[in-house]
Amino acid sequence: MTSFPITQVCDRFPGRAIEWHSSLDSTMIRAAQLAREGCAPGTVVGADEQTAGIGRLGRTWHSEPGTGLYVSLVLRPNLAPDQLPILMLALALGTREAILSAAAGPAINVDLRWPNDVMLVVDHGTARKCSGILAQLEGTAVVAGIGINVSQQSFPDQLETPATSLKLAGAFATREDLFCALLQSVDRYTTMLAEHGPTAILDRFLLHSSSAKGRRVRVHNAEQELIGVTCGLNPSGFLIIRDDNGKETTVLAGGVRPL
Ligand code: BTN
């Protein structure tokens with residue numbers, strides 16, 4: 001594994017607190033610790049590998065050394081707690097944009113799957129997960145974790161969601177270019193949320209998600225399993241599903257699978 005050129009990244013973001021580790025249990029744990037200690041907003045922690053990467057819904061995040069980008073940012077947004085779901089959508093938009101701007105090679109089709117999966121459309125329209133996002137409150141701070149699969153050649157069979165990497169999709173990006181693009185695009189979308197409000201984010205999410213409106217899906221979470229057609233997002237960023245009897249349900253969490 002070539003060493004990560006953290007000095008070059010730091011030079012491009014003077015004044016920003018950036019920590020890089022060759023190995024960590026999880027960047028979420030270290031970033032949460034920094035948040036509790038009062039670190040500056042925008043502080044970022046990254047690692048070449050995570051030995052206990054954390055995913056959503058109690059899952060783990062497969063974090064093979066040197067092949068993915070594993071980072072957590074400490075944000076101190078001036079948001080009401082009920083706007084956290086919208087912040088998640090803003091992070092997904094920022095991740096999509098970073099992938100598009102850093103990846104070279106054949107054009108890739110990057111699709112967002114509510115609430116926070118970034119998918120690459122591979123063979124015959126099949127979408128596979130290339131990136132996942134997690135956000136948790138730490139006092140008044142938000143710790144946002146972003147994992148992007150960059151150059152993995154394969155994934156364990158038992159992953160909950162079939163995964164892909166940029167490399168498997170035929171694209172090429174260095175982790176450092178992706179990291180720089182990610183810092184810029186996350187800043188752009190969090191500023192957009194702060195300055196223009198939730199609608200700016202909701203509209204863009206709908207534009208870049210093929211499944212958030214007008215798609216037949218199955219939703220599975222701890223409370224329910226639902227089949228219906230997606231009807232877009234409510235003002236808080238939650239997904240609305242209309243079942244075959246015309247009943248609308250607001251989905252607060254869970255996995256959405258297009259049928
Ligand atoms: C998901 O389940 O889709 C969210 C995955 C989030 C993974 C990232 S990798 C960097 C950060 N550190 C972690 O332990 N998890 C997040």
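**Figure 1. Pairing of strands S9 and S10 in the predicted model.** Val229 has Arg242 in S10 as its bridge partner. S9 and S10 (residues 239-242) pair in the antiparallel sense over 3 bridges; strands are DSSP runs of E with at least two residues, numbered from the N terminus, and two of them pair if DSSP finds at least two bridges between them. The hairpin formed by S9 and S10 has 5 residues between the strands, and Gly237 in the turn has a positive phi of about 95°. Residues are numbered from 1 along each chain as its sequence is written. In this predicted model, local features need pLDDT of at least 70 and side-chain atom pairs count only at pLDDT 80 or more, whereas totals for chains, interfaces and linings use all residues; side-chain values use heavy atoms, with hydrogens and water left out.

**Figure 2. Hairpin of strands S8 and S9.** S8 (residues 213-220) and S9 (residues 225-233) pair in the antiparallel sense over 6 bridges. Val219 stands opposite Leu226 in S9. Between the two strands of this hairpin there are 4 residues.

**Figure 3. Polar side chains at the ligand.** Polar side-chain atoms lie at 2.7 Å (Ser26) and 2.6 Å (Lys129) from an oxygen atom of the ligand. An N or O atom in the side chain of Gln50 is 2.8 Å from a nitrogen atom of the ligand. Of the accessible area of 410 Å² that the ligand has on its own, the protein covers 98% (Shrake-Rupley method, 1.4 Å probe).

**Figure 4. Secondary structure around the ligand.** Strands S3 (68-75), S6 (127-138) and S7 (141-149) are among the elements that each supply at least two residues of the shell around the ligand.

Notes: Polar contact = N/O pair within 3.5 Å; in protein donor to acceptor, adjacent residues only side chain to side chain.
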